[in-house]
Amino acid sequence: MDKLLIRDCIIILAVIITGYTEISHDTKSKPEATAVHAKHHDHTIQVDTDPESISVLVNNRYKLPESYTPPDLIYADIPFIFKEKTEKRKMRAEAADAIHELFTDAKAQGISFLGVSAYRAYSTQTTLFNSYVSSDGYEEARRYSAMPGTSEHETGLAIDVTGGDGRCAAEDCFSGTKEAIWLEENAAKYGFIIRYPKGKEAVTGYQYEPWHLRYVGKSIALKIMNKGITLEEYFNAEPVNRKQKPSSSKEN
């Protein structure tokens with residue numbers, strides 16, 4: 001009986017040891033599986049260069065095709081500083097709806113706006129830029145005006161605005177007005193950003209333009225506003241890094 005008891009004890013001990021070894025092996029394999037899943041936490045925002053995308057990045061490094069025309073341009077239902085029904089009243093449908101809502105809500109709060117210039121075709125930008133070259137020379141013109149294919153106005157997503165009195169249209173005196181302050185605080189709620197903010201000249205390539213609004217959609221606009229960054233910085237794109245003179249009354 002003693003021999004049988006000893007044999008049984010040996011068998012039981014062997015089973016226990018084998019089971020422990022398998023459990024230990026499984027436990028050591030778990031961290032490897034966890035490490036594989038951890039790789040999915042690294043997300044990078046890619047620069048949006050699709051001309052038809054609402055968040056497309058356009059500057060001197062990222063140009064629009066010469067033949068590009070926005071697919072859904074409509075006349076924005078807002079008042080402008082001029083009466084003529086020209087292309088400068090047009091925006092892409094989503095942006096046009098958003099600027100109408102912005103103007104309407106602002107007016108309800110005692111703030112009035114007028115549109116100055118919205119869409120601009122490649123050919124129009126070419127004519128505008130060439131006129132500046134004729135008056136100031138090529139290098140000087142490049143300091144305050146966008147070359148054809150690099151102006152946000154060509155996307156149909158940008159618009160210059162001014163106060164309801166029509167003064168300071170695309171001029172430095174718009175800065176600090178109650179209208180400019182309202183835009184700084186509220187534009188993002190409607191999907192717009194101040195495209196060329198103060199202190200970001202080396203990043204955007206342009207001086208502070210509180211009148212230049214760019215539609216990017218509410219989600220991106222709020223992120224940009226809350227972080228105090230530019231569209232270039234949102235995409236982690238290379239800065240334009242080119243000093244600019246104040247745009248004054250000249251249109252980029």
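Tutor: Start with the cut-offs: a residue is exposed when its relative accessible area is over 50%, buried when that area is under 20%, and partly exposed in between. Keep in mind that this is a predicted model.

Student: Then why is E139 called exposed?
Tutor: Its relative accessible area is 52%, and the cut-off for exposed is over 50%, so E139 gets that label.

Student: What makes R142 partly exposed?
Tutor: R142 has 22% relative accessibility. Buried needs under 20% and exposed needs over 50%, so R142 counts as partly exposed.

Student: How do you know that E139 and R142 form a salt bridge?
Tutor: Their N to O distance is 3.7 Å, and the limit is 4 Å. They sit three residues apart in helix 4 (residues 138-144), which puts about one helical turn between them.

Student: What makes R195 and E152 a salt bridge?
Tutor: Again, hold the distance up to the limit: the closest N and O atoms are 2.7 Å apart, and within 4 Å is what's asked for. R195 is in strand 5 and E152 in the loop between helix 4 and strand 4, so the pair ties together parts that are 43 residues apart in sequence.

Student: Are those two buried or exposed?
Tutor: R195 is buried, at 1% relative accessibility, and E152 is buried too, at 0%. Both partners also belong to a network of salt bridges with R214 and E232.

Student: Which parts of the chain does the R61 and E238 pair link?
Tutor: First the bridge itself: R61 and E238 have their closest N and O atoms 3.5 Å apart. R61 is in the loop between helix 1 (2-38) and strand 1 (73-75), while E238 is in the segment after helix 8, 177 residues away. R61 counts as partly exposed, at 44%.

Student: Why is T230 called buried?
Tutor: T230 has a relative accessible area of 1%, and buried means under 20%, so the label holds. T230 lies in the loop between helix 7 (218-227) and helix 8 (231-234), and the residues it touches include P197, V203 and I224.

Methods
Residues numbered from 1 in each chain as written. Predicted model: local features only at pLDDT ≥ 70, side-chain atom pairs only at ≥ 80, totals over all residues. Heavy atoms only, no water. Helix = DSSP H or I, 4+ residues; strand = E, 2+ residues; numbered from the N terminus. Buried < 20%, exposed > 50% of the residue type's maximum accessible area, 1.4 Å probe, protein only. Contact = heavy atoms within 4.5 Å. Salt bridge = Lys/Arg side-chain N within 4 Å of Asp/Glu carboxyl O. Lists of a residue's contacts leave out its neighbours within four places in sequence.
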